[in-house]
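Let's take a walk through a protein together, one piece at a time. Keep the picture in view as you read.

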Amino acid sequence: MTRARQDRVLGLLLRDGDWVTASALADALGVTPRSIRSYVTAANARVAPGVAVESGPQGYRAGSDAAAALRAGGDTGTPRDRLHTLVRALLDAPDGIDVFDTADALHVSPATVDADLARVRGLLGGTELTLERSASRARLRGTEGAQRRLLSRLAHDEMDAGSFDLAALRRTLGEGSVGAQAFGPFKTELVARLGELGWFVNEFGIADVVMHIAIAADRTSRDRPLDAVVGAARERPTQNQVAEIIAELSERHLGVRLGSADLQHLATLVLTRVVAPDGHEDAASGAAPSSLDPEVEAVVREVVTAAAEEFLVDIAHDDFVARLALHVQNLLHRAREQAWSRNPLTRSLKSTYPMIFEVAVFIASRLQQRLGIPLPDDEIAYIAMHVGGRLERSRRADQLLTATIVCPGYYDLHELLRSSVDRSLGQAIEVVGVETRVDPDWVSIDTDLILTTIDSPTTTDRIVRIQPFLTDADVERVQSAAGRIRRSRRLARLRAELERYFEPSAFVRGFDEAAGEEGVIRGLGALLQACGVIDAEYVERTIERERLSSTAFTDALAVPHALEMTASRTAIAIGIADPSIPWGDGRVQVVALVAFSETDREAFQTVFEQFVEVFSERDSVQRIVRRGTDFNAFLDELVAVIDG
C-alpha cells in the first residue's frame, strides 16, 4: 500500500506539473501531510542521487527524475511487484508452483505468499481463470486465452495512465521475454505497412495490439500457443492479408513463428482498430458503407438521436452516425475477443470536458442495453472523442468574440493591422468594425473586445492596447483578454444558476467513510426527497449511473446524478468531506448530487462544465472545503471563488 501511495503522489505531481502543497496531496490520498513527506523521501530514494520530487516553500512538484522513479522498483520486495512476479510464475508453470520454494525465491515467509495468493484470486475476476490449491502447490486453471487476458491486465497495471510503455511491458513479461527490445521497430513497420494499404491507424488502439503481439510471441516461444477456436467466424480476405503481415514481422523482428489461431486473433484485433481515411469505408473489410451492419447502424442512429434530444446537443448528423457506427461495430468485435482498448486520455477528457463525457456515458448506457456489451471507462472515452469532435465543429463559431479595431487612419495602416489580426487571432475573435478616428466615440463601441493603437480614456478588461504592427506580445495579450472574458461570462452564468438551484436544507458536512459511494448518494438523495424534488426511483437510477462510470470528474469533486432529467425541479444537494473519502479510483472532498428537471435541459451544460471547472482548481477547493462550515458559508466561499 505504501508503494502504491508513493506512486499516486508521483502521478499527481507529474500530471499537475506545478507546485502542490502537502495538505492538498494528503487530501487527495486520504492521509496526513506527515505521511506525504515520508512518501516523497522514499520516492527520491528510488532514483538517488537524482530528484524525483522537488521540495520548496510552495510544497512539492515533480522533479526531473519523477517519471523514472514511477517506473523504478522492479525488485520483488514491494507488494505489487511481488504480486506480479507471483502471477508470472503461475502462468509459466502448467503444473503449478510450490509455496515454500516460491517464498524462498522471493525472500519472504510462506504466510506472505499465502496472503499474496489471496490477492491473486482478486485479480481473476472476469478472466475465466481459477486458482487451485492442493497442500503446498498452487496452480492456475483456465484456457490459454484467459491466461493471456490476465497478462494483459498486469501489463496495463504497470503502465502509467494506460499509455503504451515498452519498459512496463518487459517488466510484465520478464526481462528475458522474446524480442523485448524489438517491439518499437515492430510497431513502426506494422503501422507503415497498414498505411500502405490505405488505412489510418488508431495509434492508441494499435499500441494495445502490439502488447497482445508481444504476449503472443512470448507465450508461443514457451510452447504455449493460442488454442484453436471451435466454430470460429469465417475468415475474410483482408484478415488473411493482415495475418500475413503480422506473421512476416514476427519472424523477422522477433524470431517467432506464430500459429494460425494466434495470427487470426491478432489480425482481428488490428482490424478493429483501423479507420479508413475518409470515414466512409469500413476499413475492417475494405468495402463500401454497405458493409456496415444495418442493425448496428440503426441502433446507433436511435441512440444518438435520443442523446441529442436529452442533452440538446448538435450530434444527430449522418456523418457522425456513420463514424460512430463503424466504431461500435469494431467495439462488438473487441467485446467478443475481450480485448478492450486503453485510452490514455480518459482522465483528462472526464475532468476537462465533463458534459461531453456525460453524453458519451448516456450513449454507452443505451448501447449496452441494446447490444448487450459492457463498456469500461476507456471505451466510453473513445465515444467521448467522437462526440467532442462533432461538437467542436458545431461550437467553434459560437466561441468567437467580436472585436473593434481602433487605429487612426494613416494610408492603409488600419487595413494592414486588420489583416494581421485576422491572420493571427482569427480562430479566437472576429473583427466586426474598424475605427480610424483619433477621437472615436468609445462609449458607443459595444463589441466584446476593443483593440486599440491609441490610449483610451478608460481601462477595462475588454480594452487591449496593441501596436500598429502586431507583435507576438500583442497576440498573447489579446488571447489572454479573450480567455478572461470567456471565463468570466461562463462563471457569471454559473453563479446565477447555482444560487437558483442550491437547496439550503440539503447540505451535509462530514461523511462516514465506511458508507461508500452508494451510502453517500442515498444520504444526499434523502435530503432532496424530503424537499419533494426527487423520488426513491431517482436515487436508484443515480446509483445505476454511478456504476456505469465514476462521476468523480476531478480529484476533489464527484457529481452523482441520474441520466434522465426527471426531477420535479432542478436542485443540488452538497456534501463536504474533510478529510476526503474514497470515490471511484480516487478520493473526493465535495459531493454534489444534482437532480435535473425536464424544463432545465439548457442549464445542464452550464452547471455541469462550469461547476466542474471551479472545482478543478486545487486552491479553490481547499478554500471552499476549509471555510464552508455550513450552507451559507459554503455559498459565500463558492461565490467568492467564482468572482475571483
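**A guided walk through the chain**

In helix 3, the buried residues are Ile 36, Tyr 39, Val 40, Ala 43 and Asn 44. Here, buried means under 20% relative accessible area, exposed means over 50%, and partly exposed lies in between, using a 1.4 Å probe and protein chains only. The arc is that of the directions from the helix axis to the C-beta atoms. An α-helix has 3.6 residues a turn, so residues three or four places apart point the same way.

Before going on, a word about what you are looking at. This is a predicted model, in which local features need pLDDT of at least 70 and side-chain atom pairs count only at pLDDT 80 or more, while totals for chains, interfaces and linings use all residues. Residues are numbered from 1 along each chain as its sequence is written, and side-chain values use heavy atoms, with hydrogens and water left out.

Now step back to the whole chain. The protein chain holds 25 helices and 15 strands; these are DSSP runs numbered from the N terminus, with helices (H or I) of at least four residues and strands (E) of at least two. Of its 644 residues, 51% are buried. A contact means heavy atoms within 4.5 Å. Among the contacts in the protein chain with a separation of 6 or more, 69% are between residues 24 or more positions apart.

How far does helix 3 reach from its first C-alpha to its last? Helix 3 takes in residues 33–46, which makes 14 residues, and reaches 20 Å, close to the 20 Å expected at 1.5 Å a residue. The expected span is 1.5 Å times one less than the number of residues.

Helix 21 (residues 516–530) can be checked in the same way. Its 15 residues should span 21 Å at 1.5 Å a residue, and its end C-alpha atoms are 22 Å apart, which agrees. Val 520, Ile 521, Leu 524, Gly 525 and Leu 528 are the buried residues of helix 21. Seen down the axis, they fall within an arc of 125 degrees, so they line one face of helix 21. What covers them includes strand 12 (502–509), helix 22 (536–548), strand 14 and strand 15. Just after helix 21, Gly 532 takes a positive phi of about 75 degrees.

Let's follow strands 14 and 15. Strand 14 (residues 571–583) contains Pro 579, and a cis peptide bond with omega of about 15 degrees joins Asp 578 to Pro 579. Strand 15 (residues 586–595) contains Val 590, which counts as buried at 0% relative accessibility. Which residues does Val 590 touch, not counting those up to four places away in sequence? They are Ala 556, Leu 557, Ala 558, Gly 575, Ile 576, Phe 615 and Val 625.

Next comes helix 23 (residues 601–614). Helix 23 is mostly covered, with 12 of its 14 residues buried. Helix 23 packs against helix 17 (residues 354–371) at an angle of about 120 degrees, with the axes 8 Å apart. Axes are lines fitted to C-alpha atoms, for helices over the stretch in contact, and angles run from 0 to 180 degrees between N-to-C directions. Helix 17 and helix 23 are therefore oblique to each other: angles under 35 degrees count as roughly parallel, over 145 as roughly antiparallel, 65 to 115 as roughly perpendicular and the rest as oblique. Pro 354, Met 355, Ile 356 and Glu 358 of helix 17 make the contact with Phe 604, Gln 605, Phe 608, Glu 609 and Val 612 of helix 23.

Our last stop is two loops. His 107 lies between helix 6 (99–106) and helix 7 (110–123), and its phi is near 60 degrees, a positive value in a residue other than glycine. Ala 135 sits in the loop between strand 4 (130–134) and strand 5 (137–141), with a positive phi near 55 degrees. Most residues other than glycine have a negative phi, and most peptide bonds are trans. Is His 107 buried or exposed? At 70% relative accessibility, His 107 counts as exposed, and Ala 135, at 70%, counts as exposed too.
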